[in-house]
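Take a moment to look at the sequence and the model side by side. Then let us walk through them together.

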Amino acid sequence: MEKMRKKKEEEEAMWAEYIEQRKIQKQKEEEELKKLKERQVKRKERRKEEEKKLLALKKQQEAQRIKEMEEKKSKEAEAKKKRLEEAEKKRQAMQAALQKNKLPENVTPNFVITKRNEDGSPSFDKLPTSLYMKAEMAKTKEQLQEDKKIALGVRVKPLNIEGLNPQELKSKAQELWEAIVRLESEKYDLEERRKRQEYDLKELSERQRQINRSKALKKGLDPDALSGKHPPMINVASKYERRLDRRNFTDKKSLFEGGYISHLEAHFESEWENKTKSFKDRGPSKLIKWDPNAARNKEKQEITESIEEEDDLGENPYLTDPDNKQETDEVAEEEEREEEEEEGEEE
């Protein structure tokens, strides 16, 4: 009982010590967990601040980019407006000079001088017609509307009718009426010019078609061969022939196939057929039947048997050479004697 009591006291003391250590360890873990939570909260706050700064920076960059784009667009619009104004002024000056000198409108130079700006780019008013037309065709609907507004802003000047007396208003209305009449007459002239150009183009295309037709007939081709989208087919023929080769590709595809080899194969095949036919026409051969009981055949058979026996004797060395046979007998006796001695030793 004393031993059990001591053992129980020791176990209780051990458990009390273990519980105390566990409490200390748990307290340490709680302190570490608290520290980790505080660090996590601090990190979250720091991340939020960094995100706010990053968002503010992005907004600032986006605002700067939008501002730069707007400035760039405004600069391009101003430069474009300036170019169009200069082109309109030059057009008006040209029309005024034409009306003053009464020159026909269709007088145009037959050459193009392309001048360049200071930065090396081609000048707007001196661009070649093809490049200018390509640039005009590539414009979108919005760009055309913008060009139209700029051109109208240059051409249509604002009316300054404030503070004018009736006589001045009448003169202003007369000027506007004359401008309308002039513009309508220019519109009619341009429409007629377009119709005339379309007629000229149709006539030139028809003339070109007739020229191509006559060329094709002279060369011996189909009349519409040179007027199509693709060039005519090449005629493969010798220059010494009197007429052209009008065969198509499918007809001439197998023209040079075969040659001497195919000719030889055909010749060998015909010879083989002739020989087989002659062999079949000849019929079976008439051979003499074999009779083993005949006296002549018996003599031949005996001669062949005697020859075979002689050959067998010649191949056996013991029958032809007796000394060789004696040597082999001695060797055999020695081998038997050695075997008997080995058996006696083993016993």
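The paragraphs below go from the whole chain to its charged pairs and surface patches.

A word on the ground rules comes first. This is a predicted model, in which local features need pLDDT of at least 70 and side-chain atom pairs count only at pLDDT 80 or more, while totals for chains, interfaces and linings use all residues. Residues are numbered from 1 along each chain as its sequence is written, and side-chain values use heavy atoms, with hydrogens and water left out.

Let us begin with the overall layout. The chain holds nine helices and zero strands; helices (H or I, at least four residues) and strands (E, at least two) are DSSP runs numbered from the N terminus. Read from that end, the elements follow one another as α-α-α-α-α-α-α-α-α. How much of the chain is buried? Of its 347 residues, 4% are buried, where buried means under 20% relative accessible area, exposed means over 50%, and partly exposed lies in between (1.4 Å probe, protein chains only). The chain exposes about 34100 Å², and carbon and sulfur atoms supply 53% of that area. Such areas come from the Shrake-Rupley method with a 1.4 Å probe, and for residues only the protein chains shown count as cover. Among contacts with a separation of 6 or more, 31% link residues 24 or more positions apart; a contact means heavy atoms within 4.5 Å.

Now for the charges. Side chains of opposite charge can pair when their charged atoms come close. A search of the whole structure finds eight salt bridges, each being a side-chain nitrogen of Lys or Arg within 4 Å of a carboxyl oxygen of Asp or Glu. In helix H4 (residues 166-218), aspartate 200 and arginine 196 are four residues apart, so about one helical turn separates them. Their side chains meet in a salt bridge at 3.6 Å, N to O. Aspartate 200 counts as partly exposed because its relative accessibility is 28%.

Helix H4 also holds arginine 209 and glutamate 206, three residues apart, about one turn of the helix. Salt bridges that share partners join Glu2, Arg5 and Glu9 into one network. Within it, the side chains of glutamate 2 and arginine 5 meet at 2.1 Å, N to O. These two are three residues apart in helix H1, so they too are separated by about one helical turn. Back in the other pair, arginine 209 and glutamate 206 form a salt bridge at 2.8 Å, N to O.

Finally, look at the surface. Met14, Trp15, Tyr18 and Ile19 form a nonpolar patch there, with about 480 Å² of accessible area together. Patches are made of residues with over 30% relative accessible area and no salt bridge, joining like charges within 9 Å and nonpolar side chains (Val, Leu, Ile, Met, Phe, Trp, Tyr) within 5 Å. Tryptophan 15 sits in helix H1 (residues 2-101), and it counts as exposed because its relative accessibility is 52%. Another surface patch is one of negative charge, with members including Glu333, Glu336 and Glu341; the place of a charge is taken as NZ of Lys, CZ of Arg, CG of Asp or CD of Glu. Glutamate 336 is found in helix H9 (residues 322-346).

Technical notes:
Lys and Arg count as positive and Asp and Glu as negative; His and the chain ends are not counted.
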